[in-house]
Amino acid sequence: MDIGRNIEEIRSSLPNNVRLVAVSKTKPNEEIMQAYRVGHRIFGENKVQDLCKKYEELPKDIEWHFIGHPQNNKVKYIAPFIALIHGVDSLKLLKTINKEGVKNKRVIKVLLQFHIAQESTKFGLSPGEADEILSSEAVRQLQHVTIVGVMGMATYTNDENQIRNEFRVLKNIFNSLKNRYFSDSESFTEISMGMSGDYPIAVEEGSTMIRVGSKIFGARNY
Ligand SMILES: *Cc1c(COP(=O)(O)O)cnc(C)c1O
């Protein structure tokens with residue numbers, strides 16, 4: 001794997017408004033540094049413990065994204081430095097992140113995760129559940145968390161039409177939330193969709209942030 005070259009190839013294929021999150025979960029610091037040395041700064045992890053270790057050991061100008069849904073009792077460990085939490089799927093988690101934001105004197109950015117795939121194993125809100133959260137009085141009190149967009153994962157399938165349709169569903173959810181709850185907000189702008197197997201389709205369907213792991217770093221050994 002030429003990690004630097006993989007990063008450069010993917011980046012050169014992306015429109016200017018689409019950012020690449022290099023998903024470095026399970027990968028050692030040395031491989032992350034290969035990406036760093038070609039100028040890459042945005043990395044994604046989905047385990048709090050691994051992320052904190054890498055944050056300590058690696059250069060401080062890295063922008064770390066949490067790409068899953070952290071457990072409530074672990075949010076405190078990432079709250080001091082996390083740039084974006086992609087997988088928020090409950091009011092309870094929003095409240096926890098807000099509380100840790102207060103403690104750290106930070107406003108923490110998050111994305112709401114939606115369930116767009118057919119697989120029931122994948123996490124995420126339904127549009128109705130999101131409405132319940134966003135129309136609540138409780139959410140308006142959260143001054144130390146900012147919802148900057150949406151995130152979703154398509155079904156793991158070779159059926160490109162199905163994947164495309166699922167990404168369209170997420171884009172429509174984004175538009176409808178923007179109209180109903182965020183029309184005054186400058187910061188509600190992000191659609192995090194697309195992984196190694198499907199990011200070209202996601203970009204065509206309006207992604208602003210792709211999360212790519214194996215296509216950069218090679219297959220993961222768990
Ligand atoms: C692991 C992971 C990715 C990256 O997956 P690849 O198929 O290796 O690109 C993207 N998003 C989430 C939420 C992940 O957990």
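Are Glu205 and Arg164 buried or exposed? Glu205 is buried, and Arg164 is buried as well. Buried means under 20% relative accessible area, exposed means over 50%, and partly exposed is in between, with a 1.4 Å probe and protein chains only.

Some ground rules. This is a predicted model, where local features need pLDDT of at least 70, side-chain atom pairs count only at pLDDT 80 or more, and totals for chains, interfaces and linings use all residues. Residues are numbered from 1 along each chain as its sequence is written, and side-chain values use heavy atoms, leaving out hydrogens and water.

Back to that pair. Glu205 and Arg164 form a salt bridge, with the closest N and O atoms 2.7 Å apart. The two residues come from distant parts of the chain, 41 residues apart: Glu205 sits in the loop between helix H9 (199–204) and strand E8 (209–212), Arg164 in helix H8. A salt bridge here is a side-chain nitrogen of Lys or Arg within 4 Å of a carboxyl oxygen of Asp or Glu. Helices (H or I, at least four residues) and strands (E, at least two) are DSSP runs, numbered from the N terminus. A network of salt bridges links Arg164, Arg168, Glu204 and Glu205.

The count is 13 salt bridges. Another one joins Glu57 and Lys53, at 3.1 Å from N to O. These two are about one helical turn apart, because they lie four residues apart in helix H3 (residues 48–57). Glu57 is partly exposed at 45%; Lys53 is exposed at 52%. Arg37 also meets Glu30 in a salt bridge, again 3.1 Å, N to O.

Now the strands. Seven of the eight residues of E6 (residues 145–152) are buried, so this strand is largely enclosed by the rest of the structure. E5 (residues 108–114) runs parallel to E6, joined by seven bridges. On the E7 side (residues 190–192), E6 pairs in the parallel sense over three bridges. Pairing requires at least two DSSP bridges between the strands. Gly149 of E6 stands opposite Leu111 and opposite Glu190 in E7. From E6 the chain crosses through helix H8 (residues 160–181) to E7, a right-handed β-α-β crossover. Right-handed means the path from first strand over helix to second runs clockwise, with the strands pointing away from the viewer.

Last, the ligand. Its oxygen atoms lie 2.7 Å from a side-chain N or O atom of Lys25, 2.8 Å from a backbone N or O atom of Gly213, and 2.8 Å from a polar side-chain atom of Arg220. Taken alone, the ligand exposes 390 Å², and the protein buries 89% of that; areas are Shrake-Rupley with a 1.4 Å probe.

Notes. A polar contact is a pair of N or O atoms within 3.5 Å; within protein, one must be able to donate a hydrogen and the other to accept it, and residues adjacent in sequence count only if both atoms are side-chain atoms.
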